[in-house]
Amino acid sequence: MSSSSSSSSSSSPSYSTALSGYEDSEQKKPERSTDKNLLLQNKEVNKNSIGMKSFPSKLNSTSNSTKKLEMKEFVGISSLPKQFCRKAFQKPFVFNLLVVGGSGLGKSTLINSMFLADIYSKQNIKRIEKTLNVEAHQVELEENGVKLSLTVVDTPGFGDAVDNTNHCNTIVEYVEKQFDDFLQTETSLERVARTDSRVHACLYFIAPSGHGLKKMDLEFMEKLHKKVNIIPVIGKADVLTKTELEAFKNKIMLTLKEHHISLYKFTDNTINDCLPLAMVGSNTFIENEKGQRVRVRKYPWGTVFIENKAHSDFTLLRQMLISKDMINLKNETNSILYENYRSQKLSLVGADNQAMQINPDKNPLAVLEDEEVEHKEKMQKMELEMEEVFKKKVKERTWKLEATEAELEQSVVKDKQSLAEAREDLFYRKEDFEREKDAWESKQGKAGAFRSTESLGRKSKFGFSIGTLRIGKL
């Protein structure tokens, strides 16, 4: 598969190759009947037509039933699939994929590995922001003459802020805006051909924490599972062991079932039993024993082969998302998700016009006044609810502050007690030191007096005096 914008002339050989399946399965044309056979058939047809005119009651009784006739000659009905295929080749197929998840889970690497193309431009990878943005990366891919207009909607900054309250609302608004644009195009007087920008599938990346889903994960899926086909995947699943991964999957599915969150059901039920899919992506290639280039992720302890089903569910996801379920995803979006959203929107519009339909003779100004009064009542009700919520939050905040204040007071009391004990300990140690000092000084005083008497004795014995110097015995 390669990203290109080749001309229609270059794709004609591939188109004929794609139609070869239909030509091989088509039965050979039977030989044309002779003129004699044609005359006999025409006579029978004339007889039947005469019989129909003769018995009109019989015709009326069987007019509602449908006859099934098997064609004995080639008419051209069997070439209808070729006509459909020829029309499909005129314009590229459209597929819109929403990618949601925290930073560092390998979203861009997985998408590039899945479509074998550099979908994310390197020019956009130059900032680290803490705010959520919704960015659309569009690229046209071509494989064997079949073109695909792929749009990958990325959400950089999802879950990176300190307060992630409004992150889900930003994505919900984007999805609903695509529905609104499509609905407006359908209901306008002059319907112009418009490219389908509705989100057909959402790959939601779950962090491999092993502790289950976060509150933000549940909030996102609860708001979007009725608007988008959600396919949950575990990013960088190679950090978990097989036992941890199996337990993590069971915990996630149990949580989703408890919150009544519906996921996309693949046409292959064996894939549904593997949800959420464990993903490992890589842009590193090596040659295997057969000389084939394969994607791997190298570690000091070994090598993870991306396309090995024992190491990752990458092959299952690519096969189901692109080869088998892409058209089904588009049909689910158009016939179920979009239709539900459309019916809700139109029902709201009908509810607005219901007041005029109930009282068609009522003055329009009076209707507007009634709507204004109703709007004021709603606003007052909303204000009361917001005031109650505000009071509740203030009460909770006050309780937390009081609890914190009580904890601080207890810590202050404990500190005071410890300081008093330390002061008392120092006082007793000071008294002990004073006693030891007095005892030492008294001891040193006695020793000094004894030394002084000894020195006086020596002076008298040897005749030394401080006055006039005398030598000899006294």
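Colleague: To begin, what percentage of the residues of the protein count as buried?
Modeller: This is a predicted model. Of its 474 residues, 27% count as buried.

Colleague: And how many helices and strands are there?
Modeller: The protein has 12 helices and 10 strands.

Colleague: What about contacts between residues at least 6 apart in sequence: what share join residues at least 24 apart?
Modeller: That share is 70%.

Colleague: Which strand pairs with β4 in the parallel sense?
Modeller: That is β2, residues 93–100, which is joined to β4 over 7 bridges. Within this pairing, F93 lies opposite L148 of β4.

Colleague: And how does β3 run relative to β4, parallel or antiparallel?
Modeller: Strand β3, residues 135–143, runs antiparallel to β4, and 9 bridges join the two.

Colleague: How many residues lie between β3 and β4?
Modeller: There are 2 residues between them, and the two strands form a hairpin. In the turn, N144 has a positive phi of about 55°.

Colleague: Which residues make the nonpolar surface patch of about 540 Å²?
Modeller: The patch is made by L69, M71, V75, I77 and L80.

Colleague: Where is I77 found?
Modeller: I77 sits in the loop between α3 (56–61) and α4 (80–88).

Colleague: Why does I77 count as exposed?
Modeller: I77 counts as exposed because its relative accessible area is 51%, and the cut-off for exposed is over 50%.

Colleague: A last topic, the cysteines. How many disulfides does the structure hold?
Modeller: The structure holds 0 disulfides.

Colleague: Is C168 buried or exposed?
Modeller: C168 is buried, because its relative accessible area is 0%.

Colleague: And why does C274 count as partly exposed?
Modeller: The relative accessibility of C274 is 27%, so C274 counts as partly exposed. Buried would require a value under 20%, and exposed one over 50%.

How values were computed:
Residues are numbered from 1 along each chain as its sequence is written. This is a predicted model: local features need pLDDT of at least 70, side-chain atom pairs count only at pLDDT 80 or more; totals for chains, interfaces and linings use all residues. Side-chain values use heavy atoms; hydrogens and water are left out. Two strands pair if DSSP finds at least two bridges between them. Helices (H or I, at least four residues) and strands (E, at least two) are DSSP runs, numbered from the N terminus. Buried means under 20% relative accessible area, exposed over 50%, partly exposed in between (1.4 Å probe, protein chains only). Contact means heavy atoms within 4.5 Å. Patches are made of residues with over 30% relative accessible area and no salt bridge: like charges are joined within 9 Å, nonpolar side chains (Val, Leu, Ile, Met, Phe, Trp, Tyr) within 5 Å. Accessible areas come from the Shrake-Rupley method with a 1.4 Å probe; for residues, only the protein chains shown count as cover. A salt bridge is a side-chain nitrogen of Lys or Arg within 4 Å of a carboxyl oxygen of Asp or Glu. A disulfide is a pair of cysteine sulfur atoms within 2.5 Å.
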